[in-house]
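Hi,

Here is the structure I promised to pass on to you. Have a look at it first, and then read on for what I found.

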Amino acid sequence: MINWKTVGELHVIQKLKKVIESWYGVELFYTDQHGKIQTGLLEKSHEFRSHFMKVQMLMPHGHQYIAQDIETIIDYFDENPDKSSFKFSSFFPHVKGYAAKIVIDGELLGTVIAYPFVRDTCTTDEISELISHVKGLGVSDSDAEMAVDKLKKVSDTQLTYITELVSLVAEEVMTFHAEIQLREERISALNSELGSKYRYHNMIGKSKPMQQIYNLLTRIATSEATILIQGENGTGKELVAKAIHYHSPRKDSVFVAQNCSAFNDNLLDSELFGHVKGAFTGAVKDKKGLFEVANGGTLFLDEIGDTSLSMQVKLLRVLQEGTFLPVGSTSPKKVNVRVIAATNKNLKEMIAKGEFREDLYYRINVINVTLPSLRERKDDIPVLCDHFLEKKCADAGHPVKTISPRAMEKVLDYNWPGNVRELENEIERLVVLSGDSKTITPDILNPRILDYLDAKSGSPLSGPLAGIKATGTLREAMEELEYFMIKEGLRRCNFNKSKLAKELGISRAGLIQKVDKYELDKRALKKASGED
Ligand SMILES: Nc1ncnc2c1ncn2[C@@H]1O[C@H](COP(=O)(O)OP(=O)(O)OP(=O)(O)O)[C@@H](O)[C@H]1O
Ligand SMILES: [Mg+2]
């Protein structure tokens, strides 16, 4: 669809229109593909450039005559797709016009029309014929005579100019439309790339922190560097490790995972590095370690914070030199393995306590991916719920269930210490407990969740609002909330009041009033935080 109003406002088009109208005494106007006139021509206030046109519009059926001409033009373009312009004869004998078509993607979307004029070859008899014709259509004799008299008598050369200029207008409209379309496409492509990426590999989440993680993962996709993934339990560390592997150049090779806290040192040793026959009682044959199994691929060392100091030395060696000794062997093996490590422990603190080697820490932490807890990205809870509901219902052979708004409210209020894993387990549990019911109601939520919310209900506001009183008058509470939202908002928007006013849905003046009322201007806030 063409935005005709914007087209009419384009500087270049206004200029061309002015030139055509003043030189040739015609009206220049556009119609859409249905022949509907898209300029002010039909409005009462329209100032006509052409006296003839003005008189025509005063005739009882003047509008119909022009509509009829436009219909002829559209029909002509429909029937002659290879023609881009049309010199037409109007309803009035000897009166002419010129039309150019507007075509976008092969589709006729409108026309540009210059009308009316007569040819300078018109004879006196022909002009008289025209005058008497006009006189018969409900206008005064003098009006009819004046209208015809003022019609521009166009020579061949002038006609060439008119055709060129009108075609130029049509081209400008098409170029402008194409540019707008391109810009809109670019904007929507950027939007979908930046704003609303909803998943990356198997990870779900569209919150800001997850968008940042996706961006980071995209940037490091082709890197071979060792990566340390940190985050609380159940935040998706293993999922991220897999996503990294399957987006890396090693994606066609193996991904091997080992949980370093699952075994004692000896077992882990032989699990990771393998052993030779007879290395220890029960070692009846050679066994390949995971470093060898993962050769050419990726080895995921989960819970690396749980390894002993002596294991850390061996890991450092294989990371630095690419070589290791199988248990009981004296000849080192060389491998090409990309290591991704993960932990939910604070390795920095462990280093300070002498429980983790600093050199290994720097060796594995070449790229750091720290995953946000679910509490820090509550925006993702609804999409995660939908995702797990779909999956768990399909597994259980149920049609997809939904969570009632009241239950969702509680799900959102809970603090999810076990993060996404806890949410996933809870959804699985709810799918089972809800039986044949299509909707999941609050009463079947895990008692753990309900207890948590009960305990909190002295101060039912959670997250950043915790601490705001839920007692006293409503007005006081509202003011407290208002104060808090403005204070936080100002910080977040870097004191850009126009931006914050927009976010809060109030006027800028209204916001400034409130900032004054609560003494929240930049200086006061800086002072307050300095004193804190
Ligand atoms: N962003 C996510 N989108 C979808 N599912 C997720 C997401 N994050 C985690 N999960 C799911 O949650 C569960 C836990 O994820 P994962 O095992 O990767 O977490 P983790 O951080 O390694 O946990 P832990 O520290 O307990 O080992 C998995 O079933 C995983 O599929
Ligand atoms: Mg894990």
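Which elements do the buried residues of α16 pack against? Please bear in mind that this is a predicted model. The buried residues of α16 pack against α15 (381-396), β17 (402-403), α17 (419-433) and β18 (439-440). The residues in question are A407, M408 and V411, which are buried in this helix of residues 405-413. They lie on the same side of α16, because the arc they cover around the axis is only 100 degrees.

Five strands form an open sheet in the order β9-β12-β15-β8-β16, and their pairing is parallel. At its edges stand β9 (255-259) and β16 (367-370); each has a single partner strand, so one side of each is left without a neighbour in the sheet. On average, neighbouring strands are turned by 20 degrees against each other, direction ignored.

How many of the residues of β12 are buried? Five of its five are, and both faces are covered: T298, F300 and D302 are buried on one side, L299 and L301 on the other.

A helix also packs on this sheet: α8 touches β8 (227-230) and β16, and its direction makes about 155 degrees with that of β16. Helix α8 covers residues 208-220, and at 1.5 Å a residue its 13 residues should span 18 Å; the end C-alpha atoms are 19 Å apart, which agrees. Its buried residues are M210, Q211, I213, Y214, L216, L217 and I220.

Finally, a helix pair. Helix α3 (residues 51-58) packs with helix α6 (residues 141-150) at an angle of about 145 degrees, and their axes are 7 Å apart. From α3, the residues H51, F52 and V55 meet D143, M146, A147, V148 and K150 of α6. By class, this contact has five nonpolar, one polar and two charged residues.

Best wishes

Technical notes. Residues numbered from 1 in each chain as written. Chains lettered and ligands numbered in written order. Predicted model: local features only at pLDDT ≥ 70, side-chain atom pairs only at ≥ 80, totals over all residues. Heavy atoms only, no water. Axes fitted to C-alpha atoms, helices over the stretch in contact; angles between N-to-C directions. Helix = DSSP H or I, 4+ residues; strand = E, 2+ residues; numbered from the N terminus. Contact = heavy atoms within 4.5 Å. Nonpolar A, V, L, I, M, F, W, Y, C, P; charged D, E, K, R; others polar. Buried < 20%, exposed > 50% of the residue type's maximum accessible area, 1.4 Å probe, protein only. Arc of directions from axis to C-beta. Expected span 1.5 Å × (residues − 1). Pairing = 2+ DSSP bridges.
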